[in-house]
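Subject: Structure handover

Hello,

Here is the structure I promised you. Please open it and keep it beside this message. My notes follow below.

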Amino acid sequence: MKKSYMGKILMVDLGTGDIREETISNDVYENYLGGVGLAARLLYDLIPAGADPLGPDNILGFVSGLLTGTGTLFTGRWMVAGKSPLTGTWGDANCGGNFSPAIKRCGYDGIFFTGISPKPVYLFVKNGKAELKDAAGVWGKDAVETEEILLAESNDKKAKVACIGQAGENISLIAGISNDKGRIAARSGLGAVMGAKRLKALVLAGREVIHSNDRKEIKKLRLKTMVFVKAQPPLNKGFLNAYLGKAMRMFPGQVALDGMLYKMMLKKWGTVSMNQLSIEVGDSPIMNWDGSHNDFTGRKSAPINPDVFIDCEVKKYHCASCPLGCGGICNIRDKNTEYTETHKPEYETVLALSGLLLNEDVDSIFYLNELLNRAAMDTISAGATVAFAIECFENGILTSKDTDGLELTWGNTKAIVALIKKMIKREGIGDLLADGVKVAAEKIGNGADKYAMHACGQELPMHDGRNDPGFALHYSVEPTPGRHTMGSLMYYDMFQLWKKIKSLPNPGIVYSKNSKYKADEDKTVKAAACSKFMNVANGTGLCLFGAFLGLHRLPLFEWINAATGWEKTPEEYMEIGERIQTLKQAFNVKHGVDPESLMPNGRTLGMPPMKKGANKGRSVDINKLVKDYREHFGWDGYTGKPTVKKLDDLGIE
Ligand code: SF4
């Protein structure tokens, strides 16, 4: 029987230069899939308790998905995992592009690095041979330059590169890892781990065939899914999305969103389709989470109308195996900068650099997008850190003496750009801020932590838990804190898992808005289902946006069976998701993570409630939600420690 996984990993000891292959047993795949599950299984065992995330004992894994390269759709994402230097917890991040199949084509489901190299190196894999090469020629270069130089050196047109930019080299705790010239696996600060290990890049040029058990079945299912992907009525002007958001805000009920609508918007505009809609509905935090659509009105947000982005788009692109293609390359309109093009900015980037800072200058966002992508610094964390610094400045905790003369006021575009440049270079005030808001607040003192919006050190994404308490819960309870891609009430509605798993609740077409804010069993069940499902998705390499089509249109469970020859039910796959989640939680317990430290800043939870805006008067009953979620998983409600019985039930040794 042919399997969709390669059955091997590569272990690289950067300290000794030792490189060896290891075989992974079928049991591991059957119980943990690939991707994040494979990484969790290995790293739980291999990273010693209390390991310094920037020290030699931390292990950084680059893993491909179980379904990557099998002919299934939306399954081309790779993940990087290790102990996060930003949070001290389990850390992972994922990214699209074309790097995920490149890992498998080298014959591996994952490549893992331990130790610290005495000098900058990169890993080169070709024709079954893996070697560490001198990276002196690219150390100091940004991610785009590095990729171009290493691709030329590889002399292989099919080679793919993942690398760090200046942020990772400078061991900025908000550094990510770039592939496809500026797409970033941004969260958890894992670029700093690469920098600390003096590992500049991976260059992969393998040619191995990726198999699957039943290609005919995969194709049959793919054709059915394509009917939904292709359905694309003409959509109106982008600015109308703001009115849609306004209507959603004013409508007394909550419509259970069908992901087909989002799919259509993604296909036309990309994630920026949500820019103004999210501001109006109360999903996007404004002015460091202290403002609302009243502060960043439709007039002020007009420059980030989604049409502005596609008007600059010169090329659309797709990730590996994606039929939708939400990505694009845009012209940078400001001719006074050193760059002419950038990846189409993502929703998270645009809002972290606009509404969060009251910055109305869209040209600065294109430019900062390119600067941060080249530095491979997380745009969410960078924007959140600038918002923190502005609020400290506005409240006299930082003065122009501390900021090298920068007037850090809301919407001061010049100061925002100058500050981010300093953060990338770790220069002056930028050195203080380059490790994110938690570290900066600790160093500044004087009550600065009041303005630091993070969960366990990770800056919060651009989705407001006061609008959708599901986000607040996942930020507070996931083993990787502050993560917006693991679940929310909106995601639950779009996944439509109840069509595959009869025990899960069907929210109906419209439900009461008030019911969203009740910390009842319904929220626990939905959040747990999202977490379990997203671990399956991240084990296979699935893009979250593919999952938004709904599991009745995107046959993920059926594809796993067809690719591997297994005959598991959706319930059995959800149990695998639960196993991965519990093992990641056990990782945090092993490393002594204080469960209280995962709790985000009270402001983000409506404590105290806002006095104006879409989220006026709302607060999230987070303690009950978190306790119920943990108990649902068979973890202790207060400490988060998985019970021995639960570990036994899930077969976790
Ligand atoms: S939907 Fe967008 S991010 Fe997801 S796989 Fe397709 S192109 Fe990549």
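Start with helix α9, residues 259–269, in this predicted model. Its buried residues are G259, K263, M265, K267 and W269.

Next, the domains. The protein chain is divided into domain 1 (8–205), domain 2 (236–452) and domain 3 (469–650). Look at domain 1 and domain 3. Their centres, taken over C-alpha atoms, are 27 Å apart. The two domains touch: 39 residues of domain 1 are in contact with 30 residues of domain 3.

Which elements build the domain 1 side of this contact? At least two residues each come from α1 (26–32), α2 (35–46), β4 (78–83) and β5 (90–95). Helix α2 gives the largest share, six residues. By class, the domain 1 side has 13 nonpolar, 20 polar and six charged residues.

Then come two helix pairs. Two packed helices are described by the angle between their axes and the distance between the axes. Find both values for each pair.

Pair one is α15 (residues 379–394) with α16 (residues 413–425). Their axes come within 11 Å and cross at roughly 115°. The crossing is right-handed. From α15, the contact uses A382, T385, V386 and A389. From α16, it uses I416, L419, I420 and M423. Seven of the contact residues are nonpolar, one is polar and none is charged. Check the spacing of the numbers on each helix. An α-helix has 3.6 residues a turn, so residues three or four places apart point the same way.

Pair two is α19 (residues 469–477) with α22 (residues 521–540). The axes of α19 and α22 come within 11 Å and cross at roughly 60°. Therefore α19 and α22 are oblique to each other. How does α19 pass α22, in a left-handed or a right-handed crossing? The crossing is right-handed. Here P469, G470, L473 and H474 in α19 meet K523, K526 and A527 in α22. This contact has three nonpolar, two polar and two charged residues.

Work through the sections in order, with the model on screen. Send me any questions.

Best wishes

Conventions:
Residues are numbered from 1 along each chain as its sequence is written. This is a predicted model: local features need pLDDT of at least 70, side-chain atom pairs count only at pLDDT 80 or more; totals for chains, interfaces and linings use all residues. Axes are lines fitted to C-alpha atoms, for helices over the stretch in contact, and angles run from 0 to 180 degrees between N-to-C directions. Helices (H or I, at least four residues) and strands (E, at least two) are DSSP runs, numbered from the N terminus. A crossing is left-handed if the near helix is turned anticlockwise from the far one by less than a right angle, and right-handed if clockwise. Two residues are in contact if their C-beta atoms, placed from the backbone, lie within 7 Å. Ala, Val, Leu, Ile, Met, Phe, Trp, Tyr, Cys and Pro count as nonpolar, Asp, Glu, Lys and Arg as charged, and the others, Gly among them, as polar. A residue is buried if 20 or more other C-beta atoms lie within 10 Å of its own, exposed if 12 or fewer, and partly exposed in between; C-beta atoms are placed from the backbone. Domain bounds come from an automatic or database domain assignment. Angles under 35 degrees count as roughly parallel, over 145 as roughly antiparallel, 65 to 115 as roughly perpendicular and the rest as oblique.
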